[in-house]
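I opened the notebook to look up a few things in this model. The entries follow the order in which I checked them.

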Amino acid sequence: MFIGREKELKILKDNYDYNGFKMVVLYGRRRVGKSFLLQHFLQSLNTDIIAFQAIENSSKLSIEAFKDAILDVFPENYNVQLDSWKSCFNYLNSKVTNRKLVICIDEINYIFKSDNTFASQLQNEIDNNLKNKNVLLIVCGSNISSIENEILNVNSPLYGRRNLSIKLQEFNYKDASRFYSNYSSEEKIIAYSVFGGKGKYLASIDPNVSIKENIIKQILTPGGTLADEIDLLLKDDFRDPTFYKEMLNIISLGNTTFNDICTKLNEDSSKVATYLSKLVDLKMVKKVNTLQKKKAKDYRYYIEDNFFNFYFRFVYKRKNILNILVNPETFYEKFISDNLLSYVGLQFEKICEQYLIEKSLNNELGFIPLEYGKYFGKHKDGSTFDIDVMFKNNEEAICGECKFTNSLFGNNDLNELLNNGKELGLMKIHYYLFLKSGIEKKTNIKSDVNVITIDDLYS
């Protein structure tokens, strides 16, 4: 079942319909759904398609596989010698007619890794042959730094050859809910908090059973779609992922400042900084702007992927007993059930932020924010406070309070939020309340306070 990606499909179709050469770069993090999007797009076409998915292999074997993909479309009766990228391209060029040809190279980063001349060879082929043909060339990759360095960087041989690039993002909370549209608003928020927005993870959800059943079946049960996902991904990224796992576990438990991470790991700050920087570069950890002066202490570190966060928060430290001493259902009831609501409460802030981003894009906030993030402040008496979600410019700001709890929001909560907002010293403050359980009677809600229910988030 294919869900969403209407915008990206239209971009690909528009470039396909162009009479001439186009090069499209599609890239993004693993599991986000790039290959599935390409597969769906290519299946919709009625033309010659050379589809080649590279794997981590030697250059010789990659050329052999590319040759086979070409000969599947343009076969020969004799044993044609295609033993180099150049000979493959030459043969391909001899077969191109006025009929549209689509060439799709998936996971091109593996080719860059095995052959540092490939970018130059592809550039030469584009400049001398393909640019004069009716060809759509799509290159796709999961290693973002590789794509940026080998194609998008000004110093790359391929710089300037692509007509556009699509950086495929995860589904946001609202688009993700299309995978489980029959869930209630509360269930949708919980599902997004656990499984996140990557296409593979969302596709693993069975919307006809409860979230609990999905967690047990897909994450906790041996052979589940996501049971070994984290270990497999981290082994691809790191030769020894042990310390990275420990760091991710520490962050998942709420230790988000650099000092807290160092203290909990009991490691030298220089080592922590090096490893943390790697996790940030790989987009596993997000360095969050607290909208204060840009000092190291003013940042917080959060696991970017919801599923990673859930796994390290609930499963990682106890995986040695899961399915060995404790069965999946007992594990869920003992270690997840009672703490799931508080965990979702932290992920709920991401959803509220995405809601306001969409409002801003639609010009519905009443002002144009210049930045957004979290805010950690201090009152004049020295007590500290934080604002869950803030959007601001030099004169106005939105202060958002996110409450995914069973308790009602009352006057004490409201007064605390208003007092925190006054500390910003801006001309105008807009307040947003994102509430799971509603408001107590007699709470003095004024016109500058916007109340958003969880149903409103999906309307």
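Is G196 buried or exposed? I looked this up before anything else. G196 has a relative accessibility of 1%. The cut-off for buried is under 20%, so G196 counts as buried. I keep in mind that this is a predicted model.

**Entry: around G196**

I placed G196 in the loop between helix 9 and helix 10, the latter being residues 199-203. I then listed what G196 touches, leaving out residues up to four places away in sequence. The list reads A176, A191, L202, N306 and F307. G196 and N406 are 210 residues apart along the chain, and their C-alpha atoms are separated by 23 Å.

**Entry: helix 9**

How many of the eleven residues of helix 9 are buried? I found nine, so I noted the helix as mostly covered. The buried residues are S185, K188, I189, I190, A191, Y192, S193, V194 and F195. Next I asked what covers them. The cover includes helix 8 (173-176), helix 10, helix 11 (211-220), helix 16 (306-315) and helix 18.

**Entry: helix 9 against helix 18**

Two packed helices are described by the angle between their axes and the distance between the axes. At what angle do the axes of helix 9 and helix 18 cross? They cross at roughly 95° and come within 9 Å. An angle of 65 to 115 degrees counts as roughly perpendicular, so helix 9 is roughly perpendicular to helix 18. From helix 9, the contact uses I189, I190, Y192, S193 and V194. From helix 18, it uses L340, Y343, V344, Q347, F348, I351 and Q354. I sorted the residues of this contact by type. Nine are nonpolar, three are polar and none is charged.

**Entry: aromatic pairs**

I counted 25 aromatic pairs. I looked up Y355 and F434 among them. Their rings are edge-to-face, 5.7 Å centre to centre, with 80° between the planes. This pair links distant parts of the chain. Y355 is in helix 18 (residues 340-361), F434 is in strand 11 (residues 428-435), and the two are 79 residues apart. Y355 is buried at a relative accessible area of 11%. F434 is buried too, at 0%.

F434 also pairs with Y432. That pair is stacked, at 6.0 Å centre to centre and 20° between the planes. I checked burial here as well: both Y432 and F434 are buried.

I noted one aromatic cluster, formed by F52, F66, W85, F89, F112 and F118.

**Entry: charges over rings**

Which ring does the charged end of R300 sit over? I found F376 below R300's charged end, 3.9 Å from the ring centre. K22 lies over the face of Y18, at 4.6 Å from the ring centre.

**Entry: whole chain**

I finished with the totals. The protein chain has 459 residues, and buried residues make up 51% of them. I counted 19 helices and twelve strands. The C-alpha trace spans about 85 × 55 × 50 Å along its principal axes.

Definitions and conventions
Residues are numbered from 1 along each chain as its sequence is written. This is a predicted model: local features need pLDDT of at least 70, side-chain atom pairs count only at pLDDT 80 or more; totals for chains, interfaces and linings use all residues. Side-chain values use heavy atoms; hydrogens and water are left out. Rings of Phe, Tyr and Trp (its six-membered ring) pair if their centres lie within 6.5 Å; planes under 30 degrees apart count as stacked, over 60 as edge-to-face and the rest as tilted. Helices (H or I, at least four residues) and strands (E, at least two) are DSSP runs, numbered from the N terminus. Buried means under 20% relative accessible area, exposed over 50%, partly exposed in between (1.4 Å probe, protein chains only). A charge sits over a ring if NZ of Lys or CZ of Arg is within 6 Å of the ring centre and within 35 degrees of the ring normal. Axes are lines fitted to C-alpha atoms, for helices over the stretch in contact, and angles run from 0 to 180 degrees between N-to-C directions. Angles under 35 degrees count as roughly parallel, over 145 as roughly antiparallel, 65 to 115 as roughly perpendicular and the rest as oblique. Contact means heavy atoms within 4.5 Å. Ala, Val, Leu, Ile, Met, Phe, Trp, Tyr, Cys and Pro count as nonpolar, Asp, Glu, Lys and Arg as charged, and the others, Gly among them, as polar.
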